[in-house]
Amino acid sequence: MQTSFTLAQLADPDLADADSILRACVHCGFCLATCPTYVVLGDELDSPRGRLYLTKNMLESGAPATKTEATHLDRCLTCLSCMTTCPASVHYMHLIDHGRAHIARTYRRPFSETWLRNLLNAILPHQTRFRWALRLSRLIYPVRALMPKRLQALLDLAHDSPIAPRSHKAGTYVAPGPRIRRVALLDGCVQPVLRPQINEAAIRLLNRRGVDVVMPPKAGCCGALSHHLSDDETALRLARADIDAWIREIDGDGLDAIVVTASGCGTMIKDYGHLLRNDPSYARKAARISALAKDVSEVLAEIGLGTTEDVPKLAVAYHAACSLQHGQRVHAPRALLRAIGFDVRDIDEGHLCCGSAGIYNMLEPELSASLLARKAANIEHTGAALIATGNIGCITQIARATQLPIVHTVELLDWATGGPQPREIIEIMKKACAEPA
Ligand code: SF4
Ligand code: SF4
């Protein structure tokens, strides 16, 4: 794509980065067919190529973003399906960051939108606040009809979300046998409140394989949710706190990896090196952390699952989270589930997002609901008994649209290698026993 930035503009490292990304695009349009928003809306401006043009025009002109530009960039799920499809390796993820930063600087959103975004940004990255917000949402749910539409959608989502008791604490979880590795596990923000059993399963499984797991006390939210809201000041503050906590571990007893069980967070941490590239105090440390970040399935694929139990060979629909399949290009979970003996079923249109996309389901509820309905229908078409996936956002989202139980892949792998049976499996087994032969 031809660009016309001035030399003065190109002296800005962000604009120079945007320029080189835009120039890689050869207009082929392959990305259109695999973009969920284009598939649903059929408007070129809601396609990757359309958004590249909008971003190019905004950045070249330097003019304040318009409502049209903000609307079409807001509708992007950042699912990165376009990056998997693009034959020219256009780095759409970094380009949309530049576009969204420009919108954040120059566009005045309506009050209700600003209020909602500030509310989400103030609550979600903090476990305690999020827990209290979920409790409060249950109290006010009966009067939801009196609330503005956007708040109603938020309340519906909060109402459907479980609140788990506090679980694992910061500290070191030592492997019982000889140690082969020492890793840090990301605690995160939303996941420990909604489904702490994911990290509990990961700790048991890694310990069983001889991996010591440390959860440093000062590591928390990775910053991805604030980054999605274009609040990079908060996102990078959270990122720096995590980096400091992990660097202390690296300099202490050492770390072989930083393990992540929420693939949305994994994609963010793997990008710390890029996000902090212009910060002289953190650029090197951030690049070091990004190089160590791994999805839990990557680590398990490397070290193997060890001895497996004789578990029922259930039919499992594997939902590949966008952040794992497109953001990180990690496909290990399918092979790991098959290695255990599960009957892994692929889902039609598996490249399309379920509509969760971080906080997208709260900001764009209609489009998100349409993608969710499509995903749920495709999942049920597989005839599987349950669903496995690697991201808490997808778990919460998909659970709203299907009666099929849904668990994190690592919970199934833990169960199949000696861990407790997930509650959802107990229910499936009870039902199977109750059905007449
Ligand atoms: S990130 Fe996803 S929604 Fe956004 S343009 Fe790419 S494919 Fe479309
Ligand atoms: S597939 Fe890549 S090169 Fe082709 S139009 Fe889309 S972004 Fe441009």
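Helices here are DSSP runs of H or I with at least four residues, numbered from the N terminus. The model is predicted.

**Exercise 1.** Describe the surroundings of ligand 1 and state which helices supply at least two residues of its shell.

*Solution.* Start with the count: 13 residues surround ligand 1. The closest are Cys 35, Pro 48, Cys 76, Cys 79 and Cys 82. Next, sort the shell by class: nine residues are nonpolar, three are polar and one is charged. Finally, assign the shell to helices: H3 (36-41), H4 (48-61) and H6 (81-85) each supply at least two residues.

**Exercise 2.** Determine which residues of helix H18 are buried, where they lie around the axis, and what covers them.

*Solution.* H18 comprises residues 296-303, and its buried residues are Val 296, Ser 297, Val 299 and Leu 300. These residues lie on the same side of H18, because they cover an arc of only 160° around the axis. Their cover includes strands S2 (181-185), S4 (257-260) and S5 (293-295). It also includes helices H12 (197-208), H20 (332-340) and H24 (409-416). After H18 comes Gly 304, with a positive phi near 80°.

**Exercise 3.** Compare the radius of gyration of the protein with that of a compact globule.

*Solution.* For 437 residues, a compact globule would have a radius of gyration near 22 Å. The protein has 22 Å, so the two agree. Two further values complete the description: the C-alpha trace spans about 65 × 50 × 45 Å along its principal axes, and buried residues make up 45% of the 437 residues. Of the contacts with a separation of 6 or more, 74% join residues 24 or more positions apart.

Key: Residues are numbered from 1 along each chain as its sequence is written. Chains are lettered from A and ligands numbered from 1 in the order in which they are written. This is a predicted model: local features need pLDDT of at least 70, side-chain atom pairs count only at pLDDT 80 or more; totals for chains, interfaces and linings use all residues. A residue is near a molecule or strand if its C-beta atom, placed from the backbone, lies within 6 Å of it. Ala, Val, Leu, Ile, Met, Phe, Trp, Tyr, Cys and Pro count as nonpolar, Asp, Glu, Lys and Arg as charged, and the others, Gly among them, as polar. A residue is buried if 20 or more other C-beta atoms lie within 10 Å of its own, exposed if 12 or fewer, and partly exposed in between; C-beta atoms are placed from the backbone. The arc is that of the directions from the helix axis to the C-beta atoms. Two residues are in contact if their C-beta atoms, placed from the backbone, lie within 7 Å. The radius of gyration is taken over C-alpha atoms; the globule rule is 2.2 Å times the number of residues to the power 0.38.
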